[in-house]
Amino acid sequence: MLRVYSGIVDNHDPAYVALAAIICILSSFTAVGLAQRAIGAKGQDRFLWLLAAGVVTGAGVWTTHFTAMLGFLPQAGLHFNPREALVSVGLCLVLTTLGWIVGFANPERARGLLAGVLIGAGLAIAHFFDMTALHGAEIVRIDYGLLAMAVIGGIAITALAGPLLRRFAQATLAWPAGAALALGVLFLHFVASAGIELAPLTGLPARPELKLAGVGGVLVGGSLLLLASALTLVFHHRRLADVTAADGKRLASALEALRGSEAHHRAYIELNSQIQWLSDANGRVLEMGPRWWECVAVSREQSITEGWLNAMHPDDREPVRALWARAVRTGDGSIADVRYRVRFRDGSYRWFRARARPLRDEAGTVLRWYGSLEDINDQVAAEMALRRSEERYRLASEATNDIIWDYDVERDRTTWTGIAGKVLGYPELAQGTTIAWWSDKVHPEDRGALVGMEKPLGRDGQGQNTQEYRFRTVNGDYIWVSSRRVLVPDASGKPVRFVGSMLDITARKQAETELQWAAFHDPLTGLPNRALYAQRLDAALERARGTGEIVGLLVFDLNNFKTLNDTMGHAAGDRLLKEIASRLVAAAPEGVTVARLGGDEFAVISPGLAAEDLRMEVARQRLGPLDQPVAIDGLQIAVSYCAGGAVFPRDAQSAGELLRAADLALYAAKADLPGTIRGFQPQMLQASEARARALANARKALDTDAIVPFYQPKLCLRSGQVTGFEALLRWHDQSGLQPPASIAAAFDDAQLSVEITDRMLDRVLADCVAWREGGLEVGRVALNLSAADLRQRGLAERVLWRLDNAGLPGSVLELEVTESVLISQMGGHVSTLEKLQQAGVTIALDDFGTGYASLTHLQQFKVDVLKIDRSFVELIGSSERRDTAVINAVLEMSRSMGITTVAEGIERREQAEFLHERGCDLGQGYLFSRPIPASRVPDLLEQLEERRWEAALRADQTAG
Ligand code: C2E
Ligand code: CA
Ligand code: CA
């Protein structure tokens, strides 16, 4: 090594050594760079690159070698044989070029080591040929060891360049390979140079050889030029390659992106419920989306071209085929929109919608068809369900007897179905109608109450309602309808539709009206009944309260109605009632209500009266039509009635009170002559209250068996003898003995009066039996009868049956009746009283002179006794002579008719004397005795026997 070092340092010019080294390094890196290009190139380019690398390597090796030679000392006198030098150059070039080509021509199987060995061999040959080309020097010594080391080492180092190039193909100029090449070249040269010692030759003949220095300059310069241009080429190409590589990279990433988007697209298609398909211009299917294969019961092969039709429901196949054929023929995508059923693997069918669009070129020719299949099974199922329900609804609405309507709020349109046309008859129903049309058909009176169709129902706008109103049909008649509607809101709750029905309820309404009428009217006369009377009266009073007007109420009943019914039959009675009703209604002014309250009881409500109307005139006017007799069965029947009137607000504050007041007035009127009309007076109310109390007392007295007769004697005014007694009712309660006045009203009560009389009769007859058995002579006992007693049938039988029971003759009994009793129902009583008279019972006319009895009545029925009322007796001894004249007249008349006279209420002696003077037969009064209980009668009779003197005295005085 030392030798090599000293060979370089001692035997060489350092400048040339440096130059050689630079050339070597430059050429080595350039060659490797060219070879590097070759690896990236293909085919011919690669070969050319390798060729260039070989040339540069060869030229570089040789120039390095030659330059180093020039710096070799002593060189002066050295000559150069150009022929041998050219061979050297040529061999070097061939071998290095061969090396690169052999090593890297085949990109698949690079043989880097072989390339390096060949290049190294080229290097060695160049070195040794050059040596032989040198002339003018003599080899002094050859160190074969060093030479072998130079050749082997140089080739070995160079051989590394090939593998290193492969290994570092991407590094800049593949620098490890370039370094190995340069090192190999320099090693071989300088180690070999150190192995040969040269000495210049002197005295040699001149030969046509070139001077080394001159040729060397040219060669080195040319070589450097070659290197420079090769290097430029390498770098330029390298830049081009970089640009290309960047393009390639971009391309690669673009491709990558493309692949990505394809994957995305595929995923999208696979996920999509739609099945995509593609067909050629003739309609032959080329591709179907993946879902098709998953679902459908036909294979891939079967599905392509026309096979997809096989997956279809047989019924759908032909129509779809025809449609598709037409779409393909015309190129019209819009007709290729069809629904059909596709058979799935499990054998079920599902509905699909198929659509297609043609893809055309610029000329408009169809290139392909893109299509989609959409699973619409759920949608179709829903549609079918809806259609079925609509069908049901349509059938139902056709079958129904209702008018069915459906109102669209937004469009203001009502659609009519059901029997609308048949019932309403309007031709425009078929086109639908507006709300204005509707409300025009509603009866004007019902329009106000009708809830507007467009208005929401209820507060929340929900629900349904029913209304009844009259609706005009096409022929102008109104029918009653029951209109029912249901609101159909949208999602936000806003009403969008009203659906409803309309039922013709005219017949029902008529029936209702009739029922209503019947509920409020008397079927016989057609007059308002008690219920409607009450409504009308309430309404009249309600209005009167506001206006301050006066309402008159008149009630009346017929006196002889029962008799008429009994004698002429109920048909006659009905006709009388009807006639009365129609006359009253015909005469009634506007607003006046004539009502039948029941039986023969009527009422007349006269609202809106003024103060000046409160005279009996008005009442008489109302009832005026009754003054004319009614012709029934050819007979003129006089209408006999009594009436009572009352007015609001003077007599009563409510409808109930008003009727009561009028009834009281009627009651009072009934005590009067037929045809009497009485107005209400407040005392009637008190009387009525007293009456109610009296009835209660009577009931109590009967129930507690508290009734006892008290007896008041009647005396013969001439002889002073007791001729009989009057039995007067007494009853006792916890507060003591009660007078008959406390139950007086009961004498007018149909039921109570009979019970009282029977009780009194039983007691009186029992007392009579007891007196008789005791041998006591009491004379006739008189019993008071009431009007109610005489109205009852069978009075005579009752009395006679009791007499018979008691084993007493009729001669023990006298019956006192009042004048009014005798007059009011003369016909019936007469026979009753006559029957009693025939049995020995005498009849006394009580309270004579207070009533309306006249002497003509006394001629019709012959009473046995006449009792002059106490009111006349009271006047005796007063200054009013006129009244004693009445007594005189009565006594005169009675004597002429043979009727016994009794004076009641004699309290003073002078009264007794007066009456005795005038010829009155009997006297009764406190003067003789107060009424006493039966137990005291025997004592009384004894006392009166002792006091007979009074009569006698008076008789004497008179006589005297
Ligand atoms: P009347 O039939 O006129 O009876 C006579 C009434 O005059 C009795 O009143 C009697 O007590 C009363 N009286 C008799 N003498 C005098 C007298 O000197 N001065 C005065 N101030 N009064 C005298 P009484 O018992 O209170 O009976 C009242 C009326 O009640 C009777 O009047 C009669 O109409 C009725 N009455 C009494 N008992 C019965 C009865 O059993 N049945 C019926 N239907 N009526 C009866
Ligand atoms: Ca009496
Ligand atoms: Ca009397």
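Which residue bridges the calcium ion (ligand 3) and the calcium ion (ligand 2)? The residue is Asp846, and the two ions that it bridges lie 3.9 Å apart.

1. Basis of the note. This is a predicted model, in which local features need pLDDT of at least 70 and side-chain atom pairs count only at pLDDT 80 or more, whereas totals for chains, interfaces and linings use all residues. Residues are numbered from 1 along each chain as its sequence is written, chains are lettered from A and ligands numbered from 1 in the order in which they are written, and side-chain values use heavy atoms, with hydrogens and water left out.

2. The calcium ion (ligand 2). Glu726 (OE), Asn784 (OD1), Glu816 (OE) and Asp846 (OD) coordinate this ion at 1.9 to 2.3 Å, where donors are N, O and S atoms within 2.8 Å of the metal (3.2 Å for Na, K and Ca), and where sites may look incomplete since water is not among the atoms. Along the sequence these donor residues follow the spacing E-x57-N-x31-E-x29-D. Glu726 lies in strand β24 (residues 722-733) and Asp846 in strand β28 (residues 842-848), so the pair ties together parts that are 120 residues apart in sequence. Helices (H or I, at least four residues) and strands (E, at least two) are DSSP runs, numbered from the N terminus. Both Glu726 and Asp846 are buried, a word that stands for under 20% relative accessible area, with exposed for over 50% and partly exposed for values in between (1.4 Å probe, protein chains only).

3. Asp847 in strand β28 and Glu904 in the loop between β30 (900-903) and α31 (909-918) link distant parts of the chain, 57 residues apart. Asp847 counts as partly exposed because its relative accessibility is 24%, whereas Glu904, at 11%, counts as buried.

4. Ligand 1. This ligand is surrounded by 22 residues, of which the closest are Gln712, Asp846, Arg870, Glu907 and Tyr926; a residue is counted here if one of its heavy atoms lies within 4 Å of the molecule. Among the polar contacts (pairs of N or O atoms within 3.5 Å), an oxygen atom of ligand 1 is 2.9 Å from an N or O atom in the side chain of Asp846, which is also the residue that coordinates both calcium ions. A nitrogen atom of ligand 1 lies 2.8 Å from a polar side-chain atom of Arg870, and a nitrogen atom of the ligand is 3.0 Å from a polar backbone atom of Leu729.

5. The second largest pocket. Its volume is about 940 Å³, and it is lined by 34 residues, with Glu726, Leu728, Asn784, Asp846 and Asp847 nearest its centre. On a 1 Å grid over the protein atoms alone, a pocket is an open set of points with protein on both sides within 12 Å along at least five of seven lines, a cavity is a set where a 1.4 Å probe fits but cannot get out, and lining residues have an atom within 4 Å of a point. A volume is the space filled by probe spheres set on the points, which are joined across faces, edges and corners. Strand β24 gives the most to this lining, with five residues. By class the lining holds 15 nonpolar, nine polar and 10 charged residues, with Ala, Val, Leu, Ile, Met, Phe, Trp, Tyr, Cys and Pro taken as nonpolar, Asp, Glu, Lys and Arg as charged, and the others, Gly among them, as polar.

6. The largest cavity. The structure holds six cavities of 30 Å³ or more, and the largest has a volume of about 150 Å³. Of the 14 residues that line the largest cavity, Trp277, Trp308, Trp324, Tyr340 and Ala354 lie nearest its centre, and the lining divides into 13 nonpolar, no polar and one charged. At least two lining residues come from each of β7 (285-288), α11 (314-330), β8 (337-343) and β9 (349-360).

7. Backbone points to check. Most residues other than glycine have a negative phi, and most peptide bonds are trans. The peptide bond from Phe648 to Pro649 is cis, with omega near 5°, and Pro649 sits in the loop between β21 (641-648) and α21 (655-670). Asp412 has a positive phi, near 50°, and is partly exposed, with a relative accessible area of 27%.

Key. A polar contact is a pair of N or O atoms within 3.5 Å; within protein, one must be able to donate a hydrogen and the other to accept it, and residues adjacent in sequence count only if both atoms are side-chain atoms.
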